[in-house]
Amino acid sequence: MPVGKPKIEVDVAHRYDSLMVLDHIRFDVYENEFLCLLGPSGCGKTTMANLIAGLLKPRAGSVKLDGEPVNPQKHNISYVFQARSCLPWRTVKDNVKIALEIKGISGPVAEEKIANVLQIVGLKGFENYFPNQISGGMKQRVAIARAFCVESDLLILDEPFGSLDAQTRYVMQTEVLRICEKMKRTVIFITNNIEESVFLADRLIVFSSAPAKIIKEIEVKLPKPRNVTHPEFLSIRTSISKLTDISQDVAGGYR
Amino acid sequence: MAKAEIAPVEASQISELKNRIGKSSRVSRRLKIYVYNMITVGIFLMAWAIIQNTTTSSYFPTIGGVGKAAVELATKGDIQGFSLIQHAWASSLRVLSGFGLALVMGVTLGLLMGLYPSIYENSKVIIEPIRFIPPIAWIPMAMVLLRGFTRYVFIIWVGAFFPIFISVLTSIPRVETILKDSVKVYGGSRWDILKKIVIPSVTPEILAGARIGLGDSWMCIVAAEMIGGEPVGVGRLILKYADLLNMNAVVVGMILVGVIGLACNEVVLQIERRLFRWRSQITL
């Protein structure tokens with residue numbers, strides 16, 4: 001179990017009108033850890049992400065960052081959305097820049113950060129392209145670049161690779177690991193893919209389908225980057241599969 | 001099973017693809033469009049000639065007659081001495097004023113009511129019926145309440161305001177939430193969201209509404225000038241010669257309106273093309 005005071009304390013319950021979507025979720029996130037939230041489609045993961053990011057106010061309970069209720073205007077939060085969040089009228093460079101603009105960072109300092117982060121995600125040379133000229137994987141990389149160019153207390157990624165093909169997905173998973181190694185951040189990664197979560201996470205929280213409850217918290221102590229065919233990797237993966245069989249529900253399910 | 005003969009790719013094609021510069025294909029495309037447009041004009045003239053020779057009406061405007069009238073109007077002006085340019089200028093000024101005012105007000109009110117829909121919802125019972133009154137129906141009001149230049153500006157404003165207003169109003173709820181959230185999560189205020197997301201998002205639609213509004217304005221000017229009272233203006237020109245049953249000159253007036261309209265449309269289109277390079281769709 002990681003030690004020290006948690007960076008983020010989540011203690012919420014939430015409903016949308018008639019649907020109880022999160023049935024008392026309670027967990028902590030520690031500094032610089034890579035936490036995966038694993039759950040079937042439709043279990044409320046995106047709601048969870050929005051609550052943690054402060055985009056949504058919980059109906060009951062709260063999300064605290066460094067002891068205070070989370071507030072995107074006060075805290076530095078980066079978020080990579082599930083769908084394409086590139087602004088179509090801005091170039092790649094300007095899409096990354098917008099995060100800095102909002103934080104009030106401009107000038108040569110900003111330019112340097114942008115160039116640096118575009119280099120890291122592998123989009124150097126595409127600064128002046130428009131989103132309609134680049135592929136889906138590249139658009140997500142723009143969103144990731146945007147997320148990394150600010151010094152954030154928290155980075156949330158909501159199923160960022162869901163709409164990508166298998167090969168790009170694998171490449172991006174490795175990339176995210178590499179970037180997070182380089183720029184130490186507290187990361188919450190949301191997915192419905194068991195292998196992805198075991199590959200990336202320091203710690204994993206498995207959710208049931210809606211109304212969502214935490215089934216189990218699992219620590220993965222294997223060294224990174226992980227070998228997906230390694231017996232220990234596979235045994236963890238299998239144990240999670242078994243867990244989720246119990247709560248396998250109608251909509252979505254695990255992959 | 002017979003296989004279709006597919007020619008293998010040749011080395012020369014590959015080297016051509018690698019060396020082709022983008023610009024030349026764009027130029028030749030433009031050229032093709034001009035040529036095809038000229039051909040369309042030719043077909044139109046042929047159709048006109050056919051009707052001209054088969055019609056029994058002695059008033060039907062002939063190609064030759066229109067040509068002569070055009071030359072005469074261009075060089076000597078109309079029977080009151082006003083030149084074509086004076087007519088065109090007078091009308092254009094009225095349209096631009098009415099349209100400009102409508103653009104500013106339409107965008108402002110559209111943004112306001114789009115962002116605060118309760119204002120619109122609570123005043124719908126007045127706005128919607130007014131919207132449906134055609135500009136032409138406002139002419140008697142304009143005649144009675146206003147004088148001179150303002151008469152025309154008012155009619156044109158009525159024609160141009162509503163398309164722009166509705167375009168802006170309806171495009172605001174369509175701004176994608178994920179884009180707004182992208183700014184919100186990094187700490188953007190409502191003003192940031194408005195400036196950086198909403199306005200760039202709706203600008204294409206504003207321009208589309210403006211193009212429609214401009215077209216409507218031109219339709220209104222002719223009607224307005226026919227009744228307006230001042231001796232200059234393309235609408236007035238058309239009516240003057242219609243009174244004299246000089247259909248050839250009437251057609252010249254019609255063509256003038258059409259040409260100015262085409263020019264306006266092209267200007268807006270070029271603005272659209274320049275502003276919206278990021279769109280993958282083709283604007284017509």
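**Entry 1: domains of chain A**

I take the domain bounds from an automatic or database domain assignment. The model under study is predicted, and I keep that in mind throughout. For chain A the assignment gives domain 1 as 1-75 + 153-255 and domain 2 as 86-152. I looked up the separation of the two: the C-alpha centres of domain 1 and domain 2 of chain A lie 25 Å apart.

I then turned to the contact between these domains. Domain 1 of chain A contributes 13 residues and domain 2 of chain A contributes eight residues. On the domain 1 side, the elements that give two or more residues are strand 7 and helix 5 (166-182) of chain A. Helix 5 of chain A gives the most to that side, with four residues. By class, I note eight nonpolar, two polar and three charged residues on the side of domain 1 of chain A that touches domain 2 of chain A.

**Entry 2: the sheet of chain A**

I traced an open sheet of six strands in chain A, with the order 6-7-8-3-9-10 and mixed pairing. Strand 6 (77-80) and strand 10 (214-219) of chain A are the edge strands, and each pairs on one side only. On average, with direction ignored, I find neighbouring strands of this sheet turned by 15 degrees against each other.

Strand 6 of chain A runs parallel to strand 7 (residues 154-158) of chain A, and four bridges join the two. Within strand 7 of chain A, Leu154(A) is the residue that stands opposite Ile77(A). I also looked for a helix on this part of the sheet. Helix 4 (residues 136-149) of chain A packs on the sheet and touches strand 6 and strand 7 of chain A. The direction of helix 4 makes about 175 degrees with that of strand 6 of chain A.

**Entry 3: contact of chain A with chain B**

How many residues does the contact take from chain B and from chain A? I record 15 residues from chain B and 19 residues from chain A. On the chain B side, helix 8 (177-185) and helix 9 (190-228) of chain B are the elements that give two or more residues. Helix 8 of chain B gives the most to this side, with seven residues. I list the residues of the side of chain B that touches chain A as seven nonpolar, four polar and four charged.

Note on methods
Residues are numbered from 1 along each chain as its sequence is written. Chains are lettered from A and ligands numbered from 1 in the order in which they are written. This is a predicted model: local features need pLDDT of at least 70, side-chain atom pairs count only at pLDDT 80 or more; totals for chains, interfaces and linings use all residues. Two residues are in contact if their C-beta atoms, placed from the backbone, lie within 7 Å. Ala, Val, Leu, Ile, Met, Phe, Trp, Tyr, Cys and Pro count as nonpolar, Asp, Glu, Lys and Arg as charged, and the others, Gly among them, as polar. Two strands pair if DSSP finds at least two bridges between them. Axes are lines fitted to C-alpha atoms, for helices over the stretch in contact, and angles run from 0 to 180 degrees between N-to-C directions.
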